[in-house]
Amino acid sequence: RRRARARSGTRPCGLRELEVRVSELGLGYTSDETVLFRYCAGACEAAARVYDLGLRRLRQRRRVRKERVRAQPCCRPTAYEDEVSFLDVHSRYHTVHELSARECACV
Amino acid sequence: MILANAFCLFFFLEETLRSLASPSSLQGPELHGWRPPVDCVRANELCAAESNCSSRYRTLRQCLAGRDRNTMLANKECQAALEVLQESPLYDCRCKRGMKKELQCLQIYWSIHLGLTEGEEFYEASPYEPVTSRLSDIFRLASIFSGTGADPAVSAKSNHCLDAAKACNLNENCKKLRSSYISICNREICNRRKCHKALRQFFDRVPSEYTYRMLFCSCQDPGCAERRRQTILPSCSYEDKDKPNCLDLRSVCRTDHLCRSRLADFHANCRASYQTLTSCPADNYQACLGSYAGMIGFDMTPNYVDSSLTGIVVSPWCSCRGSGNMEEECEKFLRDFTENPCLLLSLPQEQGLKANSSKELSMCFTELTTNIIPGSNKVIRPNSGSRRARSSATLTAVSFLILKLAL
C-alpha cells in the first residue's frame, strides 16, 4: 500500500477526468446522463515554500496549537467550468455551476 | 439477420452512389452554363469593383425598392439594369449556412430576388448553396437510423437519445453551447428571443454529427421520445399561449431575411418529390434534415408534436384555424411539415413498429417488411393521415429495393 502511495506521489498535481452518471454524484439529481467530471489530484511536495517549513516548525514547537493549520500545499482547482446542463428522468432540465475543475495548482 | 443488414447496407450504398452522382445534375438547370458558385458577399465585391455593374446594381435596387414588379418592368432603365445584372455574378450568387457575414450575404441576395420573385409565391428558391452530402455523412446517418448497426438485441435496450446527450457532454464545444442554450431557455421567465438565439448558435456552431444525433435519435420507449421532444426546450422555444395561423406565421417569418431564407431552404430540400424514389429532392436526406434543423431558433421553429412512438409528427407552432378562404393554401403549407413523405422518411424510422415485431430483425428490415408482408398489418395502426403518407412513402422505397434486387 505504501508503494502505491509512493507511486502516486510521483505524479504531480494536475487535472484528471472521469465519465460519471449525474446520479452517481449524489447531488440529488436523478438523471442518466453522463458528464465529464474533471478533478485535481497529485503530489504537491515540490511546491512547498519557506512558509510551509516555518509553519511546520512552529507547530512542532507548539507555538501554533489551537487552530487547524495546513503546513503543506494542497492540489486544488484554481478555476472551474462555468456550467453543465442535463435533463433528468422527470424531463426537467438542470444547470449546475462549477461542477468540474478547469485548472489545478498547488496552493 | 445477415440478409437484413445486407438490405440496409445495400440501400445506403445506393444512396451514396446517387449523392455522389448528383451534384452536377443538381445545379444544372439553375446555372446558365457552368459557373462555380460565388457567395453574394464576394459577388458584391466583384460588382463594386466594376463601374458598370455597380451603377446598374444601384439602379436595380432603387427600382426594386418600391417592390412593385410591374412598375419596375415597365421602366426601361430598370429593364436595362436587370439585363446587365443577369450576366453578373450577383445574379446567381448563393450563401452558405453559418458562413461569416451570413446576414449580409442574405441581404444582398434578397435585395435582388425579393422584387423579382414577387414575394408572394408559395415556394421560394433557396438562397443557400445546395448541400452535397459526403460519403461519411451518409454512413453516419445510416448508423443513426439503424441503431449503430451493432447487435440488435443490445441496441434495442439502449436509448439513442441518451447516448447522443452523452456524446455531446463529452465534447467540450457541444457541451458548452448545449449548456448555454439550456440555461437560457430554462429560466423561470422564458425570454424567447434569447432562447432562440442560443439555439441558433448551438445548431450553427456545433458539428452536425452531434446536433443531428440529438435531434433525430431513434427511440423504442416513451422516455426516450420525450427526451427527443425536449431537446429544444419546447416550453420556451416552441409553445406559446395561443397558436397563430400558419400563413400569418409565414408572413412574420418572411419579414426576416434569415427566417425567410431558412424556410425557403426547407422547401427546396424537403419538398416531397414524385420524381425520386425516396420522395426527397435528389434523394438527399441529409439536406432535408439540415434545412429542418436550420429553422430551429426562428419564428418557424418546428418540433415533434408529442412523444408518441406510433408515428412521428413534426410541425411549427401554428394551425389552420381562421384561414378564411386561404384554408387550402394553409393546409398545403402545414402538410409540408406534418405529412411530408420526404421529411418523414428522413426522420428516425423504427418507432412503434419495432415494439410490435420480432426483435431479431434489424430495424431497417422491420420497417420495410411490415409494410409489404400481408398479415403483419396488425403493426400498422390505422390512425392519422401522416401514418398513411409515411407508409406509402415507405412502399415507394420498398418497390425501389425490390426493383434493384430483381436486376
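Mentor: Helices (H or I, at least four residues) and strands (E, at least two) are DSSP runs, numbered from the N terminus. This is a predicted model, in which local features need pLDDT of at least 70 and side-chain atom pairs count only at pLDDT 80 or more, while totals for chains, interfaces and linings use all residues. Residues are numbered from 1 along each chain as its sequence is written, chains are lettered from A and ligands numbered from 1 in the order in which they are written, and side-chain values use heavy atoms, with hydrogens and water left out.

We may begin with a backbone feature. Arg62(A) lies in the loop between helix H2 (50–60) and strand S3 (75–80) of chain A. Although Arg62(A) is not a glycine, its phi is positive, at about 60°. Its relative accessibility is 61%, so Arg62(A) counts as exposed; buried means under 20% relative accessible area, exposed over 50% and partly exposed in between (1.4 Å probe, protein chains only). Asp283(B), also not a glycine, has a positive phi of about 55°. Asp283(B) sits in the loop between helix H16 (257–270) and helix H17 (285–293) of chain B, and counts as buried at 4% relative accessibility.

Next come the pairs. Side chains of opposite charge can pair when their charged atoms come close. A salt bridge here is a side-chain nitrogen of Lys or Arg within 4 Å of a carboxyl oxygen of Asp or Glu, and the structure holds 19 of them over all chains. Arg229(B) has Glu226(B) as one partner, with the closest N and O atoms 3.1 Å apart. Both residues belong to helix H13 (residues 222–230) of chain B, three residues apart, or about one turn of the helix. Glu226(B) is buried at 15% relative accessible area, and Arg229(B) is buried at 14%. Arg229(B) also forms a salt bridge with Glu239(B), at 3.6 Å between the closest N and O atoms. That pair links distant parts of the chain, ten residues apart: Arg229(B) is in helix H13, and Glu239(B) is in the loop between helix H14 (234–237) and helix H15 (246–254) of chain B. Glu239(B) is partly exposed, at 28%.

Arg250(B) and Glu329(B) form a further salt bridge, their closest N and O atoms being 3.0 Å apart. Arg250(B) lies in helix H15 and Glu329(B) in helix H18 of chain B, so this pair ties together parts 79 residues apart in sequence. Arg250(B) counts as buried at 6% relative accessibility, whereas Glu329(B) is partly exposed at 23%. Shared partners also join Glu17(A), Arg38(A), Glu81(A), Glu172(B) and Lys175(B) into one network of salt bridges.

A patch is made of residues with over 30% relative accessible area and no salt bridge, like charges being joined within 9 Å and nonpolar side chains (Val, Leu, Ile, Met, Phe, Trp, Tyr) within 5 Å. Lys and Arg count as positive and Asp and Glu as negative, with His and the chain ends not counted; the charge is placed at NZ of Lys, CZ of Arg, CG of Asp or CD of Glu. Areas come from the Shrake-Rupley method with a 1.4 Å probe, and for residues only the protein chains shown count as cover. The positive surface patch gathers Lys176(B), Arg187(B), Arg193(B), Lys194(B), Lys197(B) and Arg205(B). Helix H11 (residues 192–205) of chain B gives the most to it, with four residues. Lys197(B) is in helix H11 and is partly exposed, at 48%. Glu327(B), Glu328(B), Glu331(B) and Glu339(B) form a negative surface patch. Glu327(B) lies in helix H18 (residues 327–338) of chain B and counts as partly exposed at 37% relative accessibility.
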